[in-house]
Amino acid sequence: MSFVYIDESGDLGTKRNSSKNFIIAAIKVEDSKKLEKIIKKTRRLYRKKMKTSNEIKGGNLPYDLKIKILKKLNNIDYEVFIIVFDKKNRYKIGYKYDNKETYDILASKLAKLINIDIPTFIFIDKSKNKREEINNFNELFLNNLNNIQKQPIKIEHADSMHYKGCRWLV
């Protein structure tokens, strides 16, 4: 069984104080327990350096702590997939002022990078509330996954705090 955790950083807005880039990333592991152990231990050992956030956000971490986390990840098998979207190019992907649609397009581009070769659970940081939006997202995402062998896939949407693998992705 594989586990894929997807989270984003930045926003898709166009206001003056919006982020320059929107980043969506995924980490794929076959042993979610090992990843959860690294996250739990990191939170316990470096709670003060992480400030007040429950999430381990790369932008808030000192450089030395980022290096320590990356070294711990070297002890497990994982793959990382990242899309960095410069929002000044948003019209090149068919942006129509609908941030939800843009998110779906970017997530589907991320899906194209992910190879599925065994049954997989995919956990996505929740960005949608309506069932129709979630179903549309899931259909587009599944249609873009590299799942040539048609392995079973289960997608769950929830706040990243519910999934330990999403708590520190980007």
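**Entry 1: salt bridges**

I searched the whole structure, a predicted model, for salt bridges and found 6 of them, taking a salt bridge to be a side-chain nitrogen of Lys or Arg within 4 Å of a carboxyl oxygen of Asp or Glu. I kept in mind that local features need pLDDT of at least 70 and side-chain atom pairs count only at pLDDT 80 or more, while totals for chains, interfaces and linings use all residues. Residues are numbered from 1 along each chain as its sequence is written, and side-chain values use heavy atoms, with hydrogens and water left out.

I looked up K87 and saw that K87 forms a salt bridge with D11, where the closest N and O atoms are 2.9 Å apart. K87 sits in the loop between β3 (78-86) and α3, and D11 in the loop between β1 (2-10) and β2 (21-29), so this pair ties together parts that are 76 residues apart in sequence. For the elements I used DSSP runs numbered from the N terminus, with helices (H or I) of at least four residues and strands (E) of at least two.

I then checked how covered the two partners are, where buried means under 20% relative accessible area, exposed means over 50%, and partly exposed is in between (1.4 Å probe, protein chains only). K87 counts as buried at 4% relative accessibility, whereas D11 is partly exposed at 28%.

I next noted K88 and D86, whose side chains meet in a salt bridge at 3.9 Å from N to O. K88 counts as exposed at 63% relative accessibility, while D86 is buried at 19%.

For K100 I found a salt bridge with E133, the closest N and O atoms being 3.1 Å apart. This pair links distant parts of the chain, with K100 in helix α3 and E133 in helix α4 (residues 131-144), 33 residues apart. K100 is partly exposed, with a relative accessible area of 39%.

**Entry 2: a charged patch**

I looked for charge on the surface and found that E30, D31, D77 and D117 gather in a negative patch. Patches are made of residues with over 30% relative accessible area and no salt bridge, like charges being joined within 9 Å and nonpolar side chains (Val, Leu, Ile, Met, Phe, Trp, Tyr) within 5 Å. I placed D117 in the loop between α3 (99-111) and β4 (120-125), and D117 is partly exposed, with a relative accessible area of 41%.

**Entry 3: the cores**

I turned to the nonpolar cores, each a set of buried Ala, Val, Leu, Ile, Met, Phe, Trp, Tyr and Cys residues joined through side-chain atoms within 4.5 Å. The largest has 22 residues, of which I6, I24, Y103, L110, I114, I122 and F141 touch the most other members. The elements that give two or more residues to this core are β1, β2, β3, α3, β4 and α4, and α3 gives the most, with 5 residues. I also recorded a second, separate core of 10 residues, which includes F3, Y5, I27 and F123.

**Entry 4: two single residues**

I found D7 in strand β1, where D7 counts as buried at 1% relative accessibility. The C-alpha atoms of D7 and I82 are separated by 9.9 Å, although the two residues are 75 apart along the chain.

Last, I looked at K150, which lies in the loop between α4 and β5 (153-158) and counts as exposed at 68% relative accessibility. Phi of K150 is near 55°, a positive value in a residue other than glycine.

Notes: Accessible areas come from the Shrake-Rupley method with a 1.4 Å probe; for residues, only the protein chains shown count as cover. Lys and Arg count as positive and Asp and Glu as negative; His and the chain ends are not counted. The place of a charge is taken as NZ of Lys, CZ of Arg, CG of Asp or CD of Glu.
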